[in-house]
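The entries are kept in the order in which I looked things up.

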Amino acid sequence: MLKAGVLGAGHLGKIHLKLLNQSKKYNLIGFYDPIKENAEKVEKEFGYKAFNSIQELINAVDVVDIVTPTLSHFDCAKEAIEKGKHIFIEKPITKTVEEADALIELSKKYNVKGQVGHVERFNPAFTAVKNSITNPMFIETHRLAEFNPRGTDVPVVLDLMIHDIDIILSVVKSKVKNVNASGVSVISDTPDIANARIEFENGCVANLTASRISLKNMRKSRFFQKDAYIAVDFFEKATEVVRMKDAPKKPGDFDMILQNAEGVKKQIYFENPTIENNNAILDELETFADAINNNTSPIVTLQQGTEALRVAQMIINDF
């Protein structure tokens with residue numbers, strides 16, 4: 001079992017503390033939170049050990065789980081890496097791409113592993129179909145959320161859209177060619193609603209919409225590729241896979257057949273992938289433990305977290 005400590009005991013930090021405490025792959029040593037009243041409350045309520053400083057916590061563990069505000073990610077991660085500790089760091093990886101690039105170099109220098117908390121990679125609806133998404137040429141995503149003051153310290157692109165940016169980059173095996181975007185600030189100082197169009201060198205186009213001032217929650221992505229349409233509902237944890245193949249010479253009574261203007265007939269059929277319930281945050285933490293113990297690459301590397309941030313910044317810069 002790897003000795004783990006959490007930096008930050010806010011809303012998400014408490015969830016990480018609970019799951020690390022439950023996990024059979026980690027031994028939760030404790031946490032550090034700079035707000036003394038909050039640290040004392042969490043220690044008293046849940047029994048986790050509160051450390052008096054970041055340094056004390058880092059020295060006591062093998063893995064540092066960074067669940068602090070984005071602005072402090074770099075400083076926390078740098079301190080942990082320089083002590084030779086592996087880092088799990090919540091998304092976005094850092095405030096700037098320059099900081100993220102510096103963390104990659106530090107991790108190589110000190111030979112430690114890092115994983116970024118892009119939790120939607122572990123959503124069971126996505127994992128059920130990700131191997132079916134082979135060469136998407138058009139992608140559409142909608143990530144809408146009801147207003148929550150938590151997270152408004154950063155633009156909606158870094159708060160919400162970055163989830164979809166990471167998912168898209170994980171399935172499109174091509175470099176970003178061009179980005180066009182627009183964003184509007186409605187209630188915050190930074191954009192609360194944004195739309196972006198990402199064009200890739202291989203011709204794929206992704207159209208992303210994110211809002212944190214919606215009346216309902218929605219997290220849907222649609223992937224279109226040759227002979228297939230794949231929809232993923234990250235919120236409801238559901239999928240829809242529609243495929244086409246050449247129609248049989250003698251279709252059955254219940255076969256769905258389409259014929260185009262050239263007379264080519266295709267049969268439509270539906271797949272229902274098995275979706276297994278899981279705790280995505282626990283999965284991302286435990287697969288990181290596996291990567292450390294087996295000396296393999298984490299599922300969401302520091303490099304991938306940096307690329308998601310790089311594209312997010314391109315979108316923000318285009319507003």
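The entries below begin with the conventions and then go through helices, core and single residues.

**Conventions.** I am working with a predicted model, in which local features need pLDDT of at least 70, side-chain atom pairs count only at pLDDT 80 or more, and totals for chains, interfaces and linings use all residues. Residues are numbered from 1 along each chain as its sequence is written, and side-chain values use heavy atoms, with hydrogens and water left out.

**Helix α2.** I looked up α2 (residues 36-46); helices (H or I, at least four residues) and strands (E, at least two) are DSSP runs, numbered from the N terminus. N38, A39 and V42 are buried in α2; buried means under 20% relative accessible area, exposed over 50% and partly exposed in between (1.4 Å probe, protein chains only). Seen down the axis of α2, these buried residues fall within an arc of 100°, so they line one face of the helix; the arc is that of the directions from the helix axis to the C-beta atoms. I noted α1 (11-22) and β2 (26-32) among the elements that cover them. The face turned away from the buried side carries the exposed residues K36, E37, K41 and K44. K36 has a relative accessibility of 58%, and its C-alpha is 8.9 Å from that of N52, 16 residues apart in sequence. Just after α2, I found G47 with a positive phi of about 85°.

**Helix α4.** In α4 (residues 73-82), I list H73, F74, C76, A77, A80 and I81 as buried. Down the axis of α4 the buried residues fall within an arc of 165°, so they line one face of the helix. They pack against β1 (2-7), α3 (54-59), β3 (63-66), β4 (86-90) and α5 (97-109).

**α4 with α5.** The two axes are 10 Å apart at an angle of about 10°; axes are lines fitted to C-alpha atoms, for helices over the stretch in contact, and angles run from 0 to 180 degrees between N-to-C directions. α4 is therefore roughly parallel to α5 (under 35 degrees is roughly parallel, over 145 roughly antiparallel, 65 to 115 roughly perpendicular, the rest oblique). F74, A77, K78, I81 and E82 of α4 meet E99, A102, L103, L106 and S107 of α5, contact meaning heavy atoms within 4.5 Å. By class I record 6 nonpolar, 1 polar and 3 charged residues; Ala, Val, Leu, Ile, Met, Phe, Trp, Tyr, Cys and Pro count as nonpolar, Asp, Glu, Lys and Arg as charged, and the others, Gly among them, as polar.

**α5 with α9.** The axes of α5 and α9 (residues 302-317) come within 9 Å and cross at roughly 170°, so the two helices are roughly antiparallel. Their contact divides into 6 nonpolar, 4 polar and 3 charged residues.

**Core.** Which residues touch the most other members of the largest nonpolar core? Of its 91 residues, they are Y26, F31, V157, M161, I165 and I315; such a core is a set of buried Ala, Val, Leu, Ile, Met, Phe, Trp, Tyr and Cys residues joined through side-chain atoms within 4.5 Å. Helix α7 (residues 156-171) gives the largest share, 10 residues.

**T141.** I found T141 in strand β6 (residues 138-144), buried at a relative accessible area of 1%. Leaving aside neighbours within four places in sequence, T141 is in contact with D164, I168, N207, L208, T209, K220 and S221.
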